[in-house]
Amino acid sequence: MPKIKTHKATVKRFRYTAGKRLMRRKSGQDHFNARESGVTSKNKRRDLQTSGHFDRIIKRLTPYQ
């Protein structure tokens, strides 16, 4: 049986913690941030845990991570 290819864009956007939880970065940080409040900007700097539905999809796209 051949190897499964890893989806490289997914590997760059998601990471696993030591406890096998899947983390992602909050979106909307690139530009147009001057209009955001300070609290919103601070919240965008945090990593978030993904929901259970996305865990199954991402695990399929990154089989060897």
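Okay, a definition before anything else: two strands pair if DSSP finds at least two bridges between them. Helices (H or I, at least four residues) and strands (E, at least two) are DSSP runs, numbered from the N terminus.

A quick word on where this comes from. This is a predicted model, where local features need pLDDT of at least 70, side-chain atom pairs count only at pLDDT 80 or more, and totals for chains, interfaces and linings use all residues. Residues are numbered from 1 along each chain as its sequence is written, and side-chain values use heavy atoms, with hydrogens and water left out.

So, the sheet. We've got three strands in an open sheet, ordered E1-E2-E3, with antiparallel pairing. At the edges sit strand E1 (14-16) and strand E3 (47-49), and each of those pairs on one side only. From one strand to the next, the twist averages 35°; for angles, axes are lines fitted to C-alpha atoms, for helices over the stretch in contact, and angles run from 0 to 180 degrees between N-to-C directions.

Let's walk across it. E1 and strand E2 (residues 22-25) run antiparallel and are joined by three bridges. Arg-15 faces Met-23 in E2, and Tyr-16 stands opposite Leu-22 in E2. The hairpin of E1 and E2 has five residues between the strands, and Lys-20 there takes a positive phi near 65°. On the other pairing, three bridges join E2 to E3, again antiparallel, with Arg-24 opposite Leu-48 in E3.

Now the helices. Lys-44 belongs to helix H2 (residues 38-44). Is that lysine buried or exposed? Lys-44 counts as buried because its relative accessibility is 13%; the cut-offs are under 20% for buried, over 50% for exposed, and partly exposed in between (1.4 Å probe, protein chains only). Leaving out residues up to four places away in sequence, Lys-44 touches Lys-26, Ser-27, Gly-28, Gln-29, Asn-33 and Glu-36, contact being heavy atoms within 4.5 Å.

Last stop, helix H3 (residues 52-61), where you'll find Ile-57. Ile-57 counts as partly exposed, because its relative accessibility is 30%. Together with Phe-54 and Leu-61, Ile-57 forms a nonpolar patch on the surface, with about 230 Å² of accessible area in total. Those areas come from the Shrake-Rupley method with a 1.4 Å probe, and for residues, only the protein chains shown count as cover. Patches are made of residues with over 30% relative accessible area and no salt bridge, joining like charges within 9 Å and nonpolar side chains (Val, Leu, Ile, Met, Phe, Trp, Tyr) within 5 Å. A salt bridge is a side-chain nitrogen of Lys or Arg within 4 Å of a carboxyl oxygen of Asp or Glu.
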